[in-house]
Amino acid sequence: MPSMANSQNRQPNGAVSNSDARRQYMQQILQHRKSLPIAAVENRLVEEIRNNHTLIIVGETGSGKTTQLPQFLFKAGFCRNGKAIGVTQPRRVAAVTVAKRVAEECGVQLGQRVGYSIRFDDMTSGSTMIKYMTDGLLLREALLDPYLSKYSVIIVDEAHERTIHTDVLLGLLKKVQKARSQTANESLNSDRAMTDSDSKLEKEQGADLVSSLKKCQGARIPPLRLVVMSASLDARIFSEYFGGAKAVHVQGRQFPVDVFYTKGPETDYVDAAIMTIFQASGDILVFLTGQEEIEAVEGLLKEKLQHLSKDKQNLLSTPIFASLPSEQQMKAFMPAPAGFRKVILATNIAETSVTIPGIKYVIDPGVVKARNYNPRTGIESLNVIPTSKAQALQRSGRAGREGPGKCFRLYPEIEFDKLADSTVPEIKRCNLSNVILQLKALGVDDIMSFDFMEKPSRMAIVKSLEELFLLGALTEDYKLSDPIGHQMARLPLDPIYSKALILACQFNCLEEMLITVAMLSVESIFYMPREKQDESRAAKNRIASLEGDHITFINVYRTCDDFLAKSNAGSSKEKTLKNMRKWCKENFVNGRSLRHARDVHSQIRGHVEQMGLRITSCGEDMLLYRRCLTAAFFMNAASRQPDGTYRALASGQVVQIHPFSVLRGTKHDCVIFNELVRTSQNYMRNVTRIDPLWLAELASHFYAAQD
Ligand code: CDP
Ligand code: MG
């Protein structure tokens with residue numbers, strides 16, 4: 001067979017047919033774009049955005065909001081002044097997949113005119129004009145560019161999800177928009193007039209914003225257009241928040257979906273979901289609560305398929321959840337091979353953020369994993385809770401995108417009536433220390449009077465301020481401390497992890513802490529298939545540390561690294577991946593998670609290096625490392641009670657060691673942990689034993705006050 005280069009050089013026909021295929025493909029894309037409901041209102045939307053500084057767009061999932069609106073605005077000249085269109089998404093997956101899709105639709109290379117930027121992964125360049133990013137990332141950008149001066153339009157997408165970052169971002173954008181309108185007006189006025197309004201602004205906005213405003217005045221930043229897009233039909237709250245902003249509804253295209261309920265409550269919805277998968281006949285979308293559950297279902301499906309006759313094995317399952325590497329996420333979007341049915345196992349990511357083509361059946365167990373924060377105890381936990389009615393409706397809607405569909409709700413109909421109408425915004429149910437730290441770094445000193453769309457409780461704000469103070473990020477008068485507070489705000493991590501890295505530098509174990517933080521940012525490191533329980537447990541025991549999960553994670557990370565270094569010095573990325581898969585399989589380590597952790601590691605390492613922190617290792621001295629863990633996570637310490645349970649020292653709650661912890665079944669006086677998961681009990685995850693005396697020594701400011 002001739003090589004590609006030859007065939008193209010010598011056979012012009014071949015080349016022509018290539019470009020024909022390309023032209024045909026672009027034609028198809030154009031057809032698809034034209035057929036989307038939003039295409040019919042392109043001119044109207046562009047006019048509305050020209051005429052209104054803020055516009056709310058409400059439209060059903062799949063109507064074309066996310067992929068099309070930025071292209072309409074680009075075409076209409078909103079980037080002509082060299083400014084970009086920014087589109088925020090609550091989820092990383094959505095930012096990546098949509099950017100890829102839009103680059104393809106525009107016929108450009110990803111990272112050129114169309115790009116994305118998410119934490120730990122930047123695919124943009126100087127020429128990027130349509131930039132998809134997470135809402136959290138735009139908040140971080142505001143730290144460096146308080147006026148978001150490189151954007152002419154910012155589209156806050158999926159606003160109905162009301163993530164904590166979306167809520168804070170909306171508050172910030174409201175401020176920026178006001179200030180930028182003022183700059184635009186004032187650049188026409190005299191110096192004297194500017195000084196007057198400076199002092200007015202200074203009172204309103206805080207000194208930091210005003211000083212950067214002065215710097216920007218020469219540049220004459222145009223006013224900022226803001227578009228808030230939501231899939232929920234209720235535009236009122238957004239409109240009211242933005243002073244009665246205009247709202248436009250985009251018609252969706254929804255086919256009827258038959259909804260079925262179970263007769264009685266299901267004791268095991270995973271089993272029920274699997275049974276239902278085998279009863280449906282087309283492509284299926286199953287909503288599950290997280291990576292662990294998704295992987296368990298993947299395993300169970302495989303097992304079940306093996307016992308079926310060959311003709312019934314035509315089922316292909318693909319997972320999709322937030323921390324899945326993006327090439328793997330893309331698999332969910334591809335059509336199943338001919339003769340196969342596709343089963344997408346998804347978290348609530350697939351409710352509205354991403355649209356997966358071809359779905360006819362939806363299986364909805366009616367639960368979701370959600371963060372919950374108790375400001376009284378200061379403890380945040382991850383719980384599996386019932387969805388809201390709005391979520392249930394979004395989920396069933398996924399079945400009727402391309403034709404009539406069916407949705408199986410795995411609970412009785414009377415339960416549906418009991419569900420809350422909509423989900424409580426995240427800002428009302430999570431620890432605020434991360435956003436408070438960022439707001440402080442943005443110069444918003446008075447958190448209580450910040451114009452939140454929905455104000456978190458006073459108690460939650462006070463508790464988070466207290467926590468930041470205990471971590472050393474705030475001074476006694478609640479100002480950002482120097483250098484610790486500023487350093488912590490620069491790291492894209494939860495404050496407690498940022499602090500752990502800063503401390504580790506002082507303890508000379510930053511190398512170990514970088515691995516720890518990376519490994520703690522992924523959901524499950526060990527893989528325990530039901531059919532190989534003994535084998536997988538033995539593998540875990542081989543690598544486990546008696547001291548606890550943190551050192552165990554370091555062992556996993558390093559052992560794999562050593563293996564890779566030995567087996568493929570200097571070889572290609574593919575070879576490394578192959579070797580890694582092999583090692584993970586043999587050691588019952590979740591390859592997906594470990595890969596993700598390695599990515600996160602290299603990114604955080606980059607940040608830490610940039611900050612000038614010295615990266616050293618404590619070598620064999622793991623006692624030093626455990627002392628550092630204690631100094632960092634002292635707020636999450638628990639001590640053993642005579643009855644064998646543990647009590648969290650900060651809150652007094654009764655807690656237990658999680659069954660997946662390597663310390664399960666051991667008896668230690670005192671432990672620290674990273675996460676509390678509430679199911680039937682309060683479980684501590686990621687646990688390491690410590691000496692109780694270290695708490696008094698290394699966190700005397702906290703524990704002295706407790707006595
Ligand atoms: O934002 P909204 O839910 O209104 O729609 P969208 O995300 O812009 O998607 C519009 C259509 O584009 C979908 O119905 C899909 O057919 C297609 N699309 C796709 O094929 N691949 C993607 N990654 C995203 C969208
Ligand atoms: Mg969308």
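Author: Two strands pair if DSSP finds at least two bridges between them. Helices (H or I, at least four residues) and strands (E, at least two) are DSSP runs, numbered from the N terminus. The model is predicted: local features need pLDDT of at least 70 and side-chain atom pairs count only at pLDDT 80 or more, while totals for chains, interfaces and linings use all residues. Residues are numbered from 1 along each chain as its sequence is written, with chains lettered from A and ligands numbered from 1 in the order in which they are written.

Reader: Which residue stands opposite Phe260?

Author: Strands of a sheet pair through backbone hydrogen bonds, either parallel or antiparallel. Here, Phe260 stands opposite Phe408 in β16. Strands β9 and β16 (residues 405-409) run parallel and are joined by 5 bridges.

Reader: In what order do the strands of the open sheet lie?

Author: The 6 strands follow the order β9-β16-β13-β10-β12-β11, with parallel pairing. Because β9 (257-261) and β11 (315-320) stand at the edges with a single partner strand each, one side of each has no neighbour in the sheet.

Reader: Which helix lies across β9, β10, β13 and β16?

Author: For angles, axes are lines fitted to C-alpha atoms, for helices over the stretch in contact, and the angles run from 0 to 180 degrees between N-to-C directions. Two residues are in contact if their C-beta atoms, placed from the backbone, lie within 7 Å. The helix is α15 (residues 389-397), which runs at about 150° to β13 (359-364).

Reader: Into which domains is the protein chain divided?

Author: Domain bounds come from an automatic or database domain assignment. They give domain 1 (38-250), domain 2 (257-424), domain 3 (431-490), domain 4 (496-632) and domain 5 (633-707). The centres of domain 2 and domain 3, taken over C-alpha atoms, are separated by 37 Å, and 4 residues of domain 2 are in contact with 6 residues of domain 3.

Reader: How many residues surround ligand 1?

Author: A residue is near a molecule if its C-beta atom, placed from the backbone, lies within 6 Å of it. Ligand 1 is surrounded by 16 residues, the closest being Gly62, Lys65, Thr66, Thr67 and Arg101. Helix α4 provides the largest share of this shell, 4 residues. Domain 1 and domain 2 each supply at least three residues to the shell.

Reader: What average pLDDT does the protein chain have?

Author: pLDDT is the predictor's confidence in each residue, from 0 to 100. The protein chain averages 88, and 92% of the residues score at least 70.
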